Amino acid sequence: MYIRYEVADRIATITLDRPEVANAQNGELLDELDAAWTRAAEDAEVAVIVLRAEGKHFSSGHDLKAGKGWTDKITLEQIYGSESQRYLGYSLRWRNVPKPSIAAVQGRCIAGGLLLCWPCDLIVAAEDALFSDPVVMMGIGGVEYHGHTWELGARKAKEILFTGRPVTAEEARQVGMVNTVVPRAELDSHTRELAAHIATMPAFGLRQAKRAVNQTLDVQGFYAAIQSVFDSHQTGHGNALSVNGFPVLVHLDDMKAKMQ
């Protein structure tokens, strides 16, 4: 319903296909997306996975409207269970798929959108791409998958969290979060060319190279930090529940309304 999947020339292309709401992520979209990643991972004919999005924006993040009915019913235990599966769990699983993956990002990539592109091995960004995590507005210290410090460096991570401002594609390239910045019209073709080149490499060599880099990050503390910050993230939800009810959506709703 929300995801398109196709394979050609040893490249699996997964497309977010909910452009009318800037590819906002409800539970169904995330479940379909996880199924597509699993399908690509298990297909022996697939060498490289490309994640892209239809429409003006890559993703406006989690679908906040889908959670409005929870306000007087949700518990922290339910939030923790859901987010540990669909947010942290899915992102870690996609990160650890043994095949190379490339995210092609255009327009806005907000909060939960980062949970889709950060697990990918490479990121190609259009010149108009803007990456942001404004959930401090909700009284929470960042999204569930804390790639911020690893992707941006400590000071830049603090800056975007403290201010809520977006990082431009060129800024992201300069700090190493993005591999390449291209004109919007060339995003798909450039990503496809990169994927096609990688697909010519020996599959086992690619698998081992990815494992080497990911394991090095894990030895440096990536996995332990991700788990620890996820628990810290849940204290933000606990505070929102005790003070305001959950979820606290007003500021982010206003921001997303301006995108459509």
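Mentor: What follows starts with the salt bridges and then turns to a sheet, the cysteines and a loop.

Keep in mind that this is a predicted model.

How many salt bridges does the structure hold? The count is 15. Take a few in turn.

Start with D34 and R93. These two form a salt bridge, and their closest N and O atoms are 2.6 Å apart. The pair links distant parts of the chain. D34 sits in helix α1, residues 27-42. R93 sits in helix α2, residues 76-95. Now look at the exposure of each partner. D34 has 10% relative accessibility, so it counts as buried, the cut-off being under 20%. R93 has a relative accessible area of 43%, and is partly exposed.

Next, find D218 and R95. Their side chains meet in a salt bridge, at 3.2 Å from N to O. D218 belongs to helix α8, residues 203-219, while R95 belongs to helix α2, so this pair ties together parts that are 123 residues apart in sequence. Is R95 buried or exposed? R95 counts as buried, at 4% relative accessibility. D218 is partly exposed, with a relative accessible area of 29%.

R165 counts as partly exposed, at 26% relative accessibility. E159 is partly exposed too, with a relative accessible area of 29%.

Salt bridges can also join up. Which residues are linked in a network of them? They are R4, D17, R52, E54 and D188.

Now the sheet. It is open and has three strands, in the order β5-β7-β8, with mixed pairing. To place them by eye, find L130, which stands opposite T168 in β8.

Turn to the cysteines. The structure holds zero disulfides. C117 is in none, and its nearest cysteine sulfur, that of C109, is 3.9 Å away. That distance is not within 2.5 Å, so the pair does not count as a disulfide. C117 is buried, with a relative accessible area of 0%. C120 is in no disulfide either; the nearest cysteine sulfur is that of C117, 7.1 Å away. C120 is buried as well, with a relative accessible area of 7%.

End at the loop between β1 (3-8) and β2 (11-16), where D9 lies. R10 has its place in this loop too. Check the backbone here. Most residues other than glycine have a negative phi. D9 is not a glycine, yet its phi is positive, at about 55°. R10 also has a positive phi, near 70°, and is a residue other than glycine. D9 counts as exposed, at 66% relative accessibility. R10 counts as partly exposed, at 35%.

Methods:
Residues are numbered from 1 along each chain as its sequence is written. This is a predicted model: local features need pLDDT of at least 70, side-chain atom pairs count only at pLDDT 80 or more; totals for chains, interfaces and linings use all residues. Side-chain values use heavy atoms; hydrogens and water are left out. Two strands pair if DSSP finds at least two bridges between them. Helices (H or I, at least four residues) and strands (E, at least two) are DSSP runs, numbered from the N terminus. A salt bridge is a side-chain nitrogen of Lys or Arg within 4 Å of a carboxyl oxygen of Asp or Glu. Buried means under 20% relative accessible area, exposed over 50%, partly exposed in between (1.4 Å probe, protein chains only).
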